[in-house]
Amino acid sequence: MAIVLRHADQAELGAFAPKPTSTSQGQQEAALTVWTAPEGVEAGIWEATPGRFTATREGYHEICQILAGRATLTPDGGAPVEIGPGDTLVTPAGWSGVWEIHETLRKTYITIDL
């Protein structure tokens, strides 16, 4: 059986809550889990309002498709990368850095536990 979530760019995600790793006052996030597997794989949709936050991929890989919004990702010790609608992003296990969201950003994601 296939799972189809139509119009991921418009799907209702549920309540927004403060982003725990945000370094910006008032930044919010919301997510909708679409599917999980017992092997440690999860697929869903995530959205966050403008601001900066730190992120570390400890023990899992993440693959994202940006649906809306713009951001700059700066890996620790690396050069900033701009992302926006239509971009595919992979942050492998061990990736660490800062996200700066310029416009409310929505992405689909898949996480894969090691």
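This is a predicted model: local features need pLDDT of at least 70, side-chain atom pairs count only at pLDDT 80 or more; totals for chains, interfaces and linings use all residues.

Q: Which strands pair over 14 bridges, and in which sense, parallel or antiparallel?

A: A bridge pair such as the one above is read as part of a strand pairing. Here strand β5, residues 60-75, pairs with strand β8, residues 96-113, and the sense is antiparallel over 14 bridges.

Q: How many bridges join β5 to strand β7, and how many join β5 to strand β6?

A: Each pairing is read separately. Strand β7, residues 88-91, runs antiparallel to β5 and is joined to it by 4 bridges; within this pairing, Cys 64 has Leu 89 in β7 as its bridge partner. Strand β6, residues 81-83, is also antiparallel to β5, with 3 bridges, and there Leu 73 is partnered by Val 81 of β6.

Q: Which residue other than glycine has a positive phi, near 55°?

A: That residue is His 7, whose phi is near 55°. His 7 is found in the segment before β1, which spans 17-18. His 7 counts as exposed because its relative accessibility is 54%, and the cut-off for that class is over 50%.

Q: How many helices and strands does the chain have?

A: An inventory of elements places the local features in context. The chain contains 0 helices and 8 strands, so that the pattern along the sequence reads β-β-β-β-β-β-β-β.

Q: What does the radius of gyration say about the chain?

A: The general idea is to compare the value with that of a compact globule. For 114 residues such a globule would have a radius of gyration near 13 Å, and the chain, at 14 Å, agrees with this. Along the principal axes, the C-alpha atoms fill a box of roughly 40 × 30 × 25 Å.

Q: What share of the contacts joins residues 24 or more positions apart?

A: Among contacts with a separation of 6 or more, residues 24 or more positions apart account for 64%. Arg 52 lies in strand β4, residues 51-56. Leaving out residues up to four places away in sequence, Arg 52 touches Ser 22, Thr 23, Ser 24, Gln 27, Val 98, Trp 99 and Glu 100. With a relative accessibility of 35%, Arg 52 counts as partly exposed.

Q: Is Thr 111 buried or exposed?

A: Accessibility is read against a cut-off: buried means under 20%. Thr 111 has 14% relative accessibility and therefore counts as buried. Thr 111 belongs to strand β8, and beyond its neighbours within four places in sequence it is in contact with Gly 40, Val 41, Glu 42, Tyr 60, His 61 and Glu 62. Over the chain, buried residues make up 35% of the 114 residues.

How values were computed: Residues are numbered from 1 along each chain as its sequence is written. Side-chain values use heavy atoms; hydrogens and water are left out. Helices (H or I, at least four residues) and strands (E, at least two) are DSSP runs, numbered from the N terminus. The radius of gyration is taken over C-alpha atoms; the globule rule is 2.2 Å times the number of residues to the power 0.38. Buried means under 20% relative accessible area, exposed over 50%, partly exposed in between (1.4 Å probe, protein chains only). Contact means heavy atoms within 4.5 Å. Two strands pair if DSSP finds at least two bridges between them.
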